[in-house]
Amino acid sequence: MDERSIAREVRALRRLPFTEVRQSIIQSMQGNHDVESQRHALNLRCPLSQFRIRDPARFSGCTHYQCFDATAFLMVTHRARTRGTANLRCPICERNVNQRDMVIDLYFDDILRRAPVTTNEVFLQVNGEWRTRDGQFASLREAVRVTINYTNVPANPPPHPTRNGQLPRPNPAELECLAFFSIIGFVWFIFMIHRLLNCLNLV
């Protein structure tokens, strides 16, 4: 089977919308309180070719979000499919599948477009977004959220009010210390002015 035939098969596959996959991720991860599920990893390398995925595919009946490369799968299973003896299995979960249920995952495709080629793994977040392990790369919404949270932190945050809503009263000892040093500073200022005037008189 030549590359053009494979490419036509890939183009004919149904596309799974980005928003549909994202909503499914949110529902799946928020409904599972297991700690491991809160950091679900996606490998960007195909388990069949061991190369970076180009056309992310999975089967609609599978519950995982991990994808494989559609071209690699069609090439590997070509002979069995043409003979009609194919007993197709998902290369991720190994369940029996039907080729007509294979879809292109546009959420995974968005990851491949945004993540650098040196990245082999990303992690899903409970809000349906993703980020790399070091946090340097993330989905567009996640990157915007992190940026906003970072830039909104005030350089000099105001003092926190007490429980009754009023600002805490200053310590009397601190006020006395502040007054003492203010007087010392004022006396020093007068002394320096006096010396300056004396110097001018000498001239």
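This is a predicted model: local features need pLDDT of at least 70, side-chain atom pairs count only at pLDDT 80 or more; totals for chains, interfaces and linings use all residues.
## Getting started

Helices (H or I, at least four residues) and strands (E, at least two) are DSSP runs, numbered from the N terminus.

Residues are numbered from 1 along each chain as its sequence is written, and side-chain values use heavy atoms, with hydrogens and water left out.

## The whole chain

The chain has 7 helices and 7 strands. Starting at the N terminus, they come in the order α-β-α-β-β-β-α-α-β-α-β-β-α-α. Of its 203 residues, 29% count as buried (under 20% relative accessible area, with exposed over 50% and partly exposed in between, using a 1.4 Å probe and protein chains only).

## Around D109

Is D109 buried or exposed? It counts as buried, because its relative accessibility is 14%. Leaving aside residues up to four places away in sequence, D109 touches R54 and P56; a contact here means heavy atoms within 4.5 Å.

Strand β3 (residues 56–59) runs antiparallel to β4, and 2 bridges join them; two strands pair if DSSP finds at least two bridges between them. The open sheet has 4 strands in the order β1-β5-β3-β4, with mixed pairing. β1 (14–16) and β4 (68–69) are the edge strands, each with a single partner, so one side of each has no neighbour in the sheet. Helix α5 packs on this sheet and touches β1, β3 and β5 (102–105), its direction making about 40° with that of β5.

## α5 meets α2

Helix α2 (residues 18–30) packs against α5 at an angle of about 100°, their axes 7 Å apart. Axes are lines fitted to C-alpha atoms, for helices over the stretch in contact, and angles run from 0 to 180 degrees between N-to-C directions. That makes α2 roughly perpendicular to α5 (65 to 115 degrees). On the α2 side the contact uses F18, V21, R22 and I25, and on the α5 side L106, Y107 and D110.

## The core

The largest nonpolar core has 35 residues, and F59, M102, I111 and L124 have the most contacts inside it. Such a core is a set of buried Ala, Val, Leu, Ile, Met, Phe, Trp, Tyr and Cys residues joined through side-chain atoms within 4.5 Å.

Conventions
Angles under 35 degrees count as roughly parallel, over 145 as roughly antiparallel, 65 to 115 as roughly perpendicular and the rest as oblique.
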